[in-house]
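Here is a guided look at one protein model, from its overall make-up down to single residues. Please keep the viewer open while you read.

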Amino acid sequence: MRGGRTSAPSDAVGHPRAGDGRDQQFEVFVADAGPYLLRVALLLCGDRAHAEDLVQATFERTYRSWERARIADPRAYARKVLVNLRIDRWRTTRQELLLTDTLPEHATPGHADAVNDRNEVVRVLAELPAAQRRVVVLRHLLDLTEAQTAAELGVSVGTVKSHNARALARLRTLLGEGRS
């Protein structure tokens, strides 16, 4: 097609085929993993602008290591890059998470209760210490095991367990107060 742009060929599940060029493979990956990584980034930082910057930096680093990333699991590789970038920012800035009163996505009228519940969970997550919030997001929202969470964060499994227990107790308290 002259002057037009075609999408990269991929298999039935949207993964790039082996013969595709590096850039085409990466474009397919970005289109597939972008929304997922943005959701993770929003949960980790709570601010859409910072989340978008974090995803952009993640894609940049993943592209630089694309040969290594695509061999294993590109989505898991990018998620680990994203989490590490966010941890680096937490370490350097030491700023607490600030959430706005607006939702990160536009709510649809038929799902108002679900959106309100999700927004409430995001707000109470913001009240947790950063280490506990990271554990809760990785364990319960990304459904990683304790061992995977420990590996992602570079801490022991025992630390993951204690942060998780304390965070869940605090979340129960905070969510219970909001409903009374």
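## Ground rules

This is a predicted model, in which local features need pLDDT of at least 70, side-chain atom pairs count only at pLDDT 80 or more, and totals for chains, interfaces and linings use all residues. Residues are numbered from 1 along each chain as its sequence is written, and side-chain values use heavy atoms, with hydrogens and water left out.

## The chain as a whole

The protein chain holds eight helices and zero strands, where helices (H or I, at least four residues) and strands (E, at least two) are DSSP runs numbered from the N terminus. Read from the N terminus on, its elements are α-α-α-α-α-α-α-α.

Of the 180 residues in the protein chain, 36% are buried; buried means under 20% relative accessible area, exposed over 50%, and partly exposed in between, with a 1.4 Å probe and protein chains only. The accessible surface of the protein chain is about 10,900 Å², and carbon and sulfur atoms account for 51% of that surface. Such areas come from the Shrake-Rupley method with a 1.4 Å probe, and for residues only the protein chains shown count as cover. Among contacts (heavy atoms within 4.5 Å) between residues at least 6 apart in sequence, 59% join residues at least 24 apart.

## Aromatic rings

Rings of Phe, Tyr and Trp (its six-membered ring) pair if their centres lie within 6.5 Å; planes under 30 degrees apart count as stacked, over 60 as edge-to-face and the rest as tilted. By this rule there are six aromatic pairs. One of them is edge-to-face, because the rings of Phe26 and Phe59 have centres 6.2 Å apart and planes at 90°. Phe26 belongs to helix 1 (residues 22–45) and Phe59 to helix 2 (residues 48–64), so this pair ties together parts that are 33 residues apart in sequence. Phe26 and Phe59 are both buried. The rings of Phe26 and Tyr63 also form an edge-to-face pair, since their centres are 5.0 Å apart and their planes stand at 70°. Here, too, distant parts of the chain are linked, with Phe26 in helix 1 and Tyr63 in helix 2, 37 residues apart.

Phe26 counts as buried because its relative accessibility is 9%, whereas Tyr63 is partly exposed, with a relative accessible area of 29%. Ring pairs join Phe26, Phe29, Phe59, Tyr63 and Trp66 into a cluster. The charged end of Arg22 sits over the ring of Tyr63, 4.4 Å from its centre, and that of Arg75 sits over the ring of Tyr36, 4.5 Å from its centre.

## A look at helix 2

Helix 2 has 17 residues and spans 24 Å from its first C-alpha to its last, close to the 24 Å expected at 1.5 Å a residue; the expected span is 1.5 Å times one less than the number of residues. Its buried residues are Ala51, Leu54, Val55, Ala57, Thr58, Phe59 and Thr62.

Leu142 lies in the loop between helix 6 and helix 7 and is buried, at 15% relative accessibility. Not counting residues up to four places away in sequence, Leu142 touches Tyr36, Val40, Arg79 and Val137. Leu142 and Arg79 are 63 residues apart in sequence and 9.9 Å apart in space, C-alpha to C-alpha.

Asp143 is found in the loop between helix 6 (130–141) and helix 7 (146–153). Its phi is near 60°, a positive value in a residue other than glycine. Most residues other than glycine have a negative phi. Asp143 counts as exposed because its relative accessibility is 65%.

Thr149, in helix 7, is buried at 0% relative accessibility. A polar atom of the Thr149 side chain lies 2.8 Å from the backbone oxygen of Thr145.

Technical notes
A charge sits over a ring if NZ of Lys or CZ of Arg is within 6 Å of the ring centre and within 35 degrees of the ring normal. A polar contact is a pair of N or O atoms within 3.5 Å; within protein, one must be able to donate a hydrogen and the other to accept it, and residues adjacent in sequence count only if both atoms are side-chain atoms.
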